[in-house]
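This briefing describes selected features of a protein structure, grouped by topic. Please consult the sequence and the structure alongside the text.

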Amino acid sequence: MANEEDDPVVQEIDVYLAKSLAEKLYLFQYPVRPASMTYDDIPHLSAKIKPKQQKVELEMAIDTLNPNYCRSKGEQIALNVDGACADETSTYSSKLMDKQTFCSSQTTSNTSRYAAALYRQGELHLTPLHGILQLRPSFSYLDKADAKHREREAANEAGDSSQDEAEEDVKQITVRFSRPESEQARQRRVQSYEFLQKKHAEEPWVHLHYHGLRDSRSEHERQYLLCQGSSGVENTELVKSPSEYLMMLMPPSQEEEKDKPVAPSNVLSMAQLRTLPLADQIKILMKNVKVMPFANLMSLLGPSVDSVAVLRGIQKVAMLVQGNWVVKSDILYPKDSSSPHSGVPAEVLCRGRDFVMWKFTQSRWVVRKEVAAVTKLCTEDVKDFLEHMAVVRINKGWEFILPYDGEFIKKHPDVVQRQHMLWTGIQAKLEKVYNLVKEAMPKKPDGQSGPVGLVSGDQRVQVAKRQAQQNHALLERELQRKKEQLQASAVLPGVRIKEEPMSEEGEDEEEREAEDEEEPMDTSPGGGLHGGLANGLPAGRAAGGDSFNGHPPSGSASTPVARELRAFVQATFQKQFVLTLSELKRLFNLHLASLPPGHMLFSGISDRMLQDTVLAAGCKQILVPFPPQTAASPDEQKVFALWESGDISDQHRQVLLEIFSKNYRVRRNMIQARLTQECGEDLSKQEVDKVLKDCCVSYGGMWYLKGTVQS
């Protein structure tokens with residue numbers, strides 16, 4: 001208070017904000033000159049500007065009559081720049097350095113804190129500055145002098161060797177064609193210094209007319225520095241509280257914030273992370289960590305996050321491996337990316353990394369050379385895959401980085417079952433792409449059988465003995481059950497009894513039926529349909545009935561599960577028309593993965609039940625004669641086709657399927673001739689194309705049923 005009394009307010013000045021030149025007013029800062037000389041006293045010969053870059057060039061005359069001016073030096077500079085002959089392109093037409101060029105540079109990019117003030121009649125008028133430019137001398141004439149010197153030297157050398165030019169031999173020219181530029185290379189080129197300099201040089205100059213300090217045009221423009229509205233319409237921004245007014249005059253400095261250390265672009269603090277949606281939080285965490293147990297993920301997301309929502313989100317960006325979550329390959333390798341080591345596209349990288357992940361669902365150990373041999377990728381790419389999820393052990397290979405999480409497996413069986421179905425589909429794709437020999441999958445979903453360890457030979461023998469004893473007991477029970485059924489049906493008159501062969505083939509069939517009843521569908525190769533089938537249907541059923549021996553088939557719509565399964569089969573064949581059993585099982589697994597937890601189809605569907613449902617839904621098995629040396633598995637050799645869909649192409653499709661029941665591959669002209677013969681009319685090209693598109697694929701000039709071609 002004492003200080004305020006010693007410094008009383010002497011005068012109050014009204015402040016006005018003028019906006020007429022707010023977007024046009026620049027402040028030019030010239031080099032220091034004697035106080036007695038102003039730049040208005042020096043003639044401005046020309047001025048030009050590049051508006052986008054806010055770059056200005058001014059040419060000012062030099063007083064050559066000043067006693068401090070060195071005339072001999074000025075003549076020497078003009079001679080070096082323009083040479084002995086003066087023309088229209090000369091920089092110094094008077095053969096004397098009589099002018100100097102000034103180029104501008106920006107002092108600051110933030111000019112919101114600066115304004116030009118004009119005090120008049122007790123009022124202070126402020127106009128915001130749009131830019132502040134510092135003008136410095138330009139020495140581009142020296143570059144021009146160097147260029148002239150090099151031209152003279154080149155001309156002298158050319159004169160000395162001119163007599164040899166006539167004798168010069170014809171030289172061979174090598175022509176090279178540039179490769180197509182990738183998107184990443186184009187972005188790097190656009191961001192390069194040379195490209196930016198070229199873009200800046202391409203912007204045309206806009207020539208300006210200079211008006212001096214006492215010029216009438218300058219006097220007129222200077223009036224715009226005054227607030228034009230006396231009613232205060234333009235000054236509504238100044239009708240604010242004192243604190244807001246001070247904030248406008250002195251806003252917080254943004255430069256101080258820029259001086260703070262900036263974190264890398266891939267680093268995000270937990271405080272920033274929790275401001276994002278839950279799905280983005282999970283994606284960012286998994287992308288950075290690569291492998292994480294579910295419990296650790298929940299602890300990072302916080303106690304208030306719903307675990308059900310996290311489970312739903314984690315399955316979109318990660319896959320379950322040994323009870324832990326591993327980020328999906330397409331998250332790490334987006335669609336248009338490529339390998340930094342080999343340059344292979346993202347699709348190939350994702351396929352190779354999926355193979356590594358799938359191998360870890362089978363064992364805790366993976367050998368790098370085996371992965372490289374199968375995927376055909378370079379060592380660096382394979383090493384990147386393994387470092388994401390494993391650690392190397394000397395003389396052993398790569399071990400999965402986290403221990404087996406049995407607690408999550410027991411707590412979330414529905415999620416485990418869904419993930420198992422997804423892995424089954426991925427396995428089918430990998431086997432087809434890499435031509436892998438199919439191995440028997442574990443009977444339980446991934447992770448449920450406990451962590452996989454190294455098993456000795458004696459332990460394997462003991463396990464095989466126990467499995468043989470269990471299978472023998474199952475076969476005994478199944479045989480006893482069939483005998484009881486035969487005895488019960490023997491007393492019913494007029495009922496035909498189906499006799500099953502009791503050969504080794506029949507015993508294998510009984511063993512498979514017993515396994516089907518005990519286990520859900522599995523992707524290991526199974527036996528084909530045996531004797532007594534007419535085009536995939538039992539003889540009794542092919543005769544026109546839906547029952548056999550008075551009993552409904554296992555695929556009938558007698559239960560909700562059977563009805564749901566039949567609805568899936570009918571919908572699938574209405575879209576695909578022809579499917580192998582292997583492809584149908586893959587589609588069914590994907591369908592299961594899309595169902596909510598606890599759905600009735602998770603109760604377990606055997607291969608036999610699926611095949612019976614297909615046959616009962618109006619489909620037939622096409623006995624395609626595969627080549628003897630085919631690499632197709634038994635499931636891939638079982639081909640089913642929709643026999644009647646209710647459209648006009650049914651007859652054409654049936655003729656086509658009969659052709660492929662006798663031929664593995666057929667030429668188009670043979671198909672068209674047979675269709676014309678059977679249908680009794682000339683079919684149009686569109687009709688033939690439609691039936692071929694529905695059921696077949698073309699490869700090497702031949703046509704195959706879908707799913708049967710072996711490339």
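Leu-246, Leu-249 and Met-250 make a nonpolar surface patch of about 300 Å². Patches consist of residues with over 30% relative accessible area and no salt bridge, like charges being joined within 9 Å and nonpolar side chains (Val, Leu, Ile, Met, Phe, Trp, Tyr) within 5 Å. A salt bridge is a side-chain nitrogen of Lys or Arg within 4 Å of a carboxyl oxygen of Asp or Glu, and accessible areas come from the Shrake-Rupley method with a 1.4 Å probe, with only the protein chains shown counting as cover for residues.

The model is predicted: local features need pLDDT of at least 70, side-chain atom pairs count only at pLDDT 80 or more, and totals for chains, interfaces and linings use all residues. Residues are numbered from 1 along each chain as its sequence is written, and side-chain values use heavy atoms, leaving out hydrogens and water.

**Patch residue**
- Leu-249 belongs to helix H7 (residues 242-249); helices (H or I, at least four residues) and strands (E, at least two) are DSSP runs, numbered from the N terminus.
- Leu-249 is partly exposed, at a relative accessible area of 36%, where buried means under 20%, exposed over 50% and partly exposed in between (1.4 Å probe, protein chains only).

- Strands S21 (residues 696-699) and S22 pair in the antiparallel sense over 4 bridges; pairing requires at least two DSSP bridges.
- Two faces of S22 (residues 702-705) are covered, with Met-702 and Tyr-704 buried on one side and Trp-703 and Leu-705 on the other.

**Core**
- The largest nonpolar core has 53 residues; such a core joins buried Ala, Val, Leu, Ile, Met, Phe, Trp, Tyr and Cys residues through side-chain atoms within 4.5 Å.
- Helix H14 (residues 346-362) gives the largest share of this core, 8 residues.
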